[in-house]
Number of protein chains: 2
Amino acid sequence: MRLSVLLFDGFTALDVVGGYEVLANVPGMEVEFAAQTVGLVTADTRRLALHAYRTFDDVRHTDILYVPGGPGVAAALNDTALLQTIARLHASSTWTFGVCNGVELLGAAGLLAGRTVTTNWFARDRVAAWGAQVGTQRYQRDGKLLTAAGVSASIDAALYLAACLGGDALAETLQLGIEYYPAPPLNCGSPDLASPRAQELVRAFETHGAKRIAALKAPF
Amino acid sequence: MRLSVLLFDGFTALDVVGGYEVLANVPGMEVEFAAQTVGLVTADTRRLALHAYRTFDDVRHTDILYVPGGPGVAAALNDTALLQTIARLHASSTWTFGVCNGVELLGAAGLLAGRTVTTNWFARDRVAAWGAQVGTQRYQRDGKLLTAAGVSASIDAALYLAACLGGDALAETLQLGIEYYPAPPLNCGSPDLASPRAQELVRAFETHGAKRIAALKAPF
């Protein structure tokens, strides 16, 4: 079984690695990282870079199409090669897995009309504009479409997918493998219950995300 | 403030990215990825690679020394350059942050005698052999030494560190930024409460970790 992670400039690393760390350890899973061209793809902080060793064109078919989010989504919404790759691979995927505001890219690729999804807390309106029913769940399945809320929700969604693929015992084993018995030091209700000040700060940070990453130079 | 993540062959990606994603977004944080040589460093799956753009020698001082774990730790325990770098940077760090069985590397670097730490569930005995008191906490602070349990515990530990650095309001904002309101689909007590079958499988997997990664070829 093949898991293809599509990378684009300005992705958020935990959007990728949260789900990858679970799914890459499913027995028999073949993981690949693909981008428009082979080489380093730089994350939103401009300090972390992942190596894409396949081009979009190299990937003719995949079982699990994985689309992360990040501040780079704003520019990626105009990236025809990326959107066409998403639409093309979704046509024959067994699962299509969108994380965080990467779910917007699924919308731009024409996948979301009438579908029920979740997404990053701050991206709900934008995802709804693609015709989706947007909930507040940590992860949401609608047929073969699996969507995760923001960033770290990729872990929970991937464990859910692992249980779909191989049963609860597999998912429990993978959960132990990544020791996912979370104990955040602070309040842990839901994004909607975060303090107004935190909500304001994160919204401001994300609103200027594209400008912010454009202003940062990678030191490599 | 500088965060220096030390990479070595066969690290586990979520050990790195869990803590990085929290700490890189602390205002004013300068993140760097260092390894013995500049270039790609391949994770345990042999499918993911991170770019190290500093050498160990390039890093003369850091504020937060970050040491991940992974199946590569078995070989890294004999990597003198890595161990000397850990000891050297720890001497003047403000914080030293060990994740998962990366805590064994802190032991091998001579940092753990008489210290109270946590580590990956399966590595407790090996860490105790370096003279540490090893608990079962998700994260543990002893002076400037902060240790995290396995893999995903790097997120919880980093949120704790963020609260130490900038207060609870900062940590809450970062928590919202990565939308860390975990909801694992299955049981979520503690590693020690995982099913005997899952414990047996993960122990077997980890026992052969070094051999397993040696047998996998990266496709790049």
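This is a predicted model: local features need pLDDT of at least 70, side-chain atom pairs count only at pLDDT 80 or more; totals for chains, interfaces and linings use all residues.
## What covers helix 7 of chain B

Let's start where the two chains meet around one helix. The buried residues of helix 7 of chain B are covered by, among others, helix 8 (196–207) of chain A, along with helix 1 (13–23) and helix 6 (153–166) of chain B. Helix 7 itself spans residues 168–177 of chain B, and its buried residues are B:L170, B:A171, B:T173, B:L174, B:Q175 and B:L176. After helix 7 of chain B comes B:E179, which has a positive phi, near 45°.

Chain A has an average pLDDT of 96, with 100% of its residues scoring at least 70. For the complex, the predictor gives an ipTM of 0.97 and a pTM of 0.97.

## Two copies, one axis

How do you get chain B onto chain A? A rotation of 180° does it, with 0.0 Å of shift along the axis and an RMSD of 0.0 Å. The two copies are therefore related as by a two-fold rotation axis. If you want a landmark in chain B, look for B:L50: its C-alpha is the one nearest the axis, 2.4 Å away. Both copies use the same surface, as 100% of the contact residues of chain B recur in chain A.

You'll find A:T45 in the loop between strand 3 (39–42) and strand 4 (49–52) of chain A. Leaving out residues up to four places away in sequence, A:T45 touches A:L216 in its own chain plus B:Y20 and B:A24. Is A:T45 buried or exposed? Its relative accessibility is 11%, so A:T45 counts as buried, the cut-off being under 20%.

## The sheet in chain A

Chain A has an open sheet of seven strands, running in the order 5-2-1-6-7-11-10 with mixed pairing. At the edges sit strand 5 (54–55) and strand 10 (139–142) of chain A, each of which pairs on one side only. Helix 1 (residues 13–23) of chain A packs on this sheet, where it touches strand 1, strand 2, strand 6 (64–67) and strand 7 (95–99) of chain A. The direction of that helix makes about 155° with that of strand 6 of chain A.

Inside the sheet, strand 1 (residues 2–6) and strand 2 (residues 30–35) of chain A pair in the parallel sense over five bridges. One of the bridge pairs to look for is A:S4 with A:E32 in strand 2 of chain A.

## Around strand 11

Strand 11 of chain A has a parallel partner in strand 7 of chain A, with four bridges, and here A:T96 has A:L145 as its bridge partner. With strand 10 of chain A the pairing is antiparallel, also over four bridges, and A:Q140 stands opposite A:T147. Strands 10 and 11 of chain A form a hairpin with two residues between them, and A:G143 in the turn has a positive phi of about 65°.

Which way do the side chains go? In a regular strand they alternate between the two faces of the sheet. In strand 11 (residues 145–148) of chain A, A:L145 and A:T147 point one way while A:L146 and A:A148 point the other way, and all are buried.

## The nonpolar core

Nonpolar side chains tend to be buried together in soluble globular proteins. Here the largest nonpolar core holds 141 residues, and A:F97 and B:F97 touch the most other members. Setting aside neighbours within four places in sequence, B:F97 has contacts that include B:L23, B:I64, B:Y66, B:L146, B:S154 and B:L161.

Technical notes: Residues are numbered from 1 along each chain as its sequence is written. Chains are lettered from A and ligands numbered from 1 in the order in which they are written. Side-chain values use heavy atoms; hydrogens and water are left out. A nonpolar core is a set of buried Ala, Val, Leu, Ile, Met, Phe, Trp, Tyr and Cys residues joined through side-chain atoms within 4.5 Å. Buried means under 20% relative accessible area, exposed over 50%, partly exposed in between (1.4 Å probe, protein chains only). Contact means heavy atoms within 4.5 Å. Two strands pair if DSSP finds at least two bridges between them. Axes are lines fitted to C-alpha atoms, for helices over the stretch in contact, and angles run from 0 to 180 degrees between N-to-C directions. Copies are superposed by least squares on the C-alpha atoms of residues with pLDDT of at least 70 in both. pLDDT is the predictor's confidence in each residue, from 0 to 100.
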